[in-house]
Amino acid sequence: MEEKHRYILEKNRGLILNDLDVEKINNYLIQEFIFTPDQMQKIIGKATRKERAEFLLDSLPRQDQRTFYVFLETLRITYPHLYDVLLIDSRNVSSVPKQPVQCTENQFMMSESMKEPSAYEPEVDHASRRLASQSERVSERDLARVASHLSGDFNIIAGMLGLTSAELYQSQVQHQHSVKDQYFAILYTWRRKNGYSATKANLVRLLQEMNVDCSVYDFLFM
């Protein structure tokens, strides 16, 4: 599990321990191959509900990278209030300790936006145009261009975009003969679900959190 996700689980440990009953989610975690039946038996064999939850939270960080998103999906069904808390943190908490490499263009825009306006500068300069562009809703053409260069673990990317298991499965089945079409489908689903919040800036932020190479999305700065 990524350190960022370990941090999120630790940050919300008390909240999770107060409510979580492992016996309500154990079958799904086995079904998704996060734990073997024997491993899960050791967890649910603990004497109390809280001890089972503690053992689970201690065990989750030792599993693979998809574990956080599978756990998140189990909460969506059984504990929606915990799901909401972890989902918000997964979108807002920066990767720790390493930060994704930022594109030079992005750094330029941030520094330009912090400058004091000059009497000698035009009323609308290039930096302002770029900043305005970043607040635009990302287009289907933009998504197609990103999808054509995207690579990496499909499940992790879909999870970072906030897709459910059902939405992920649908994207894979409908476009089973084209990986690029699958990437476009999950990006398009993210755009549809987020409405006017599906801006270029928010897409770039998510791609940076996934450590996607900035050559994939640097055209969005233009």
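The text below takes the cavity, then its lining, then the helix contact.

The model is predicted, with local features needing pLDDT of at least 70, side-chain atom pairs counting only at pLDDT 80 or more, and totals for chains, interfaces and linings using all residues. Residues are numbered from 1 along each chain as its sequence is written, and side-chain values use heavy atoms, leaving out hydrogens and water.

The structure holds one cavity of 30 Å³ or more. A cavity is a set of points, on a 1 Å grid over the protein atoms alone, where a 1.4 Å probe fits but cannot get out; lining residues have an atom within 4 Å of a point. The volume of the largest cavity is about 40 Å³, taken as the space filled by probe spheres set on the points, which are joined across faces, edges and corners.

Y69, L72, L87, S90, R91, G159 and M160 line the largest cavity. Two or more of its lining residues come from each of α6 (67-78), α7 (80-92) and α11 (154-160), and α7 gives the most, with three residues. Helices are DSSP runs (H or I, at least four residues), numbered from the N terminus.

The axes of α6 and α7 come within 6 Å and cross at roughly 145°; axes are lines fitted to C-alpha atoms over the stretch in contact, and angles run from 0 to 180 degrees between N-to-C directions. Contact means heavy atoms within 4.5 Å.

| Helix | Residues in the α6–α7 contact |
|---|---|
| α6 | F68, F71, L72, L75, R76 and T78 |
| α7 | P80, L82, Y83, L86, L87 and S90 |

How values were computed. On a 1 Å grid over the protein atoms alone, a cavity is a set of points where a 1.4 Å probe fits but cannot get out, and a pocket is an open set with protein on both sides within 12 Å along at least five of seven lines; lining residues have an atom within 4 Å of a point.
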